[in-house]
Amino acid sequence: MAAAATLSRLVRLRLYSISRNNGLLFNRVQRRGIAACIDPSVGLSDEQREFQKVAFDFAANEMAPHMAHWDQNEIFPVETMRKAAQLGFGGTCVHPDVGGSGLSRLDASVVFEALSTGCASTTAYMSIHNMCAWMIDTFGNNEQRGKYCPDLCSMEKFASYCLTEPGSGSDAASLLTSAKLQGDLYVLNGSKAFISGGGDTDVYVVMCRTGGKGPKGISCLVVEKGTPGLSFGKKEKKVGWNSQPTRAVIFEDCKVPVANRLGIEGQGFNIAMKGLNGGRINIASCSVGAAQACIQLTRDHMHVRKQFGEPLSNSQFLQFKLAEMATRLVASRLMVRQAALALQEDRPDAVPLCSMAKLFATDECFTICNQALQMHGGYGYLKDYAVQQFVRDIRVHQILEGTNEVMRMIIARSLLAEF
Ligand SMILES: Cc1cc2nc3c(=O)[nH]c(=O)nc-3n(C[C@H](O)[C@H](O)[C@H](O)COP(=O)(O)OP(=O)(O)OC[C@H]3O[C@@H](n4cnc5c(N)ncnc54)[C@H](O)[C@@H]3O)c2cc1C
């Protein structure tokens, strides 16, 4: 135990080796000395530090060396994610009786933050997959949990979350995909837009209209790939998140057993929003991991790169920039971890705190990564260097799982309701 603790202390996060990766120079996160003030293990229990270390090691060894290749060749790294699932990262917050790891929200945040240092895009897809598995575990009956969760936790099967439609993004409750009851089947018609994993995944958690207008007319169905009437649009070309496919999901007289409905009719929007509370913590954690990696890459670049006869690290202007980046990083992490605790404890402030954490961390961490690119100069703009990929990958975190404008709406609504 003492040896393990010593090892944990010694094996601090460190980064930046310029390594050959498929013929490319690609600077990547590694473990080396890291300033205590941005050490992500500060404040964690011994157990949390241990699985954080496992996640950091996995990120450094199994993800970072391939991150550029996955991005540039648009590869969905199924086998790597299955390896991550063997470590318990396919169903972090799912109950152990159906194959999950039974971790807390804070634990999951620590895991996704660490994994994201190796590839933010792949980790972000894993966070969506985890959200779907959690929704089935939490709102499904025993039969549904037993049928879907074990394969999702092992990542033998992959899941997609289907809320957004071409005509309903921020105003998600206005969705139109209809599910008409016919005997013991629902017949689905409509389409979903921007679905992460769409076409490559096996299990679709679909919000659809079984009743009247508004959120109370929405139900949640699990639709399996291969169901007649289920098809997919073209693979979208994206700025980032290239290690995961994004497609439209289309339903044309797609017949789904009533037995695949999660919860009761009309509960679907509530289930979707409950899923997103945890999803927002996890996506924000991915941004924090990316920002941590970018700060460390920049710190090392500043030591190595010389201009005007001196390393960049001697420039007080750049020192101040680095200090600001570190401050934004630590503030983001604190907000995310505080929100994770609130959600875990089911506190009344959990929803606005999750929204604040998502708003703050995804904005601040994008600023950090973008500043890191700037401080790499022209090299930061080259695909040989990792910072540009972190910038491209986490830009979308400000847009999805509720845009950051929608986060402001949720926070303001909560504040004004307290009157
Ligand atoms: C790569 C990618 C992956 C995605 N993955 C998924 C997924 O797996 N599942 C899923 O369901 N969805 C997914 N989405 C969809 C995403 O959640 C939506 O794009 C997002 O909710 C915004 O909806 P929209 O694109 O229709 O923008 P719109 O709602 O049209 O908004 C456009 C802009 O206007 C702002 N805006 C809108 N209304 C207001 C208002 N009242 N006040 C102030 N500002 C406002 C928005 O914040 C935004 O900036 C994904 C999107 C992308 C890009």
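What follows is a short briefing on domains and strand pairing.

This is a predicted model, in which local features need pLDDT of at least 70 and side-chain atom pairs count only at pLDDT 80 or more, while totals for chains, interfaces and linings use all residues. Residues are numbered from 1 along each chain as its sequence is written.

**Domains**

- The domain assignment, whose bounds come from an automatic or database source, gives domain 1 (18-153), domain 2 (159-268) and domain 3 (275-417).
- The C-alpha centres of domain 1 and domain 3 are 18 Å apart.

**Where domain 1 touches domain 3**

- Counting two residues as in contact if their C-beta atoms, placed from the backbone, lie within 7 Å, 36 residues of domain 1 contact 34 residues of domain 3.
- On the domain 1 side, strand E2 (24-28) and helices H3 (67-73), H5 (105-116) and H6 (120-139) each supply at least two residues, and the largest share, 10 residues, comes from H6.
- Helices (H or I, at least four residues) and strands (E, at least two) are DSSP runs, numbered from the N terminus.

**Strand pairing**

- Strands pair if DSSP finds at least two bridges between them, and E4 (residues 178-182) is joined to E5 (residues 185-196) by 5 bridges, with the two strands running antiparallel.
- E4 and E5 form a hairpin with 2 residues between them, and Gly183 in the turn has a positive phi of about 65°.
- Gln182 has Leu185 of E5 as its bridge partner, and Leu185 also stands opposite Pro257 in E9.
- E5 pairs with E9 (residues 246-257) in the antiparallel sense over 9 bridges.
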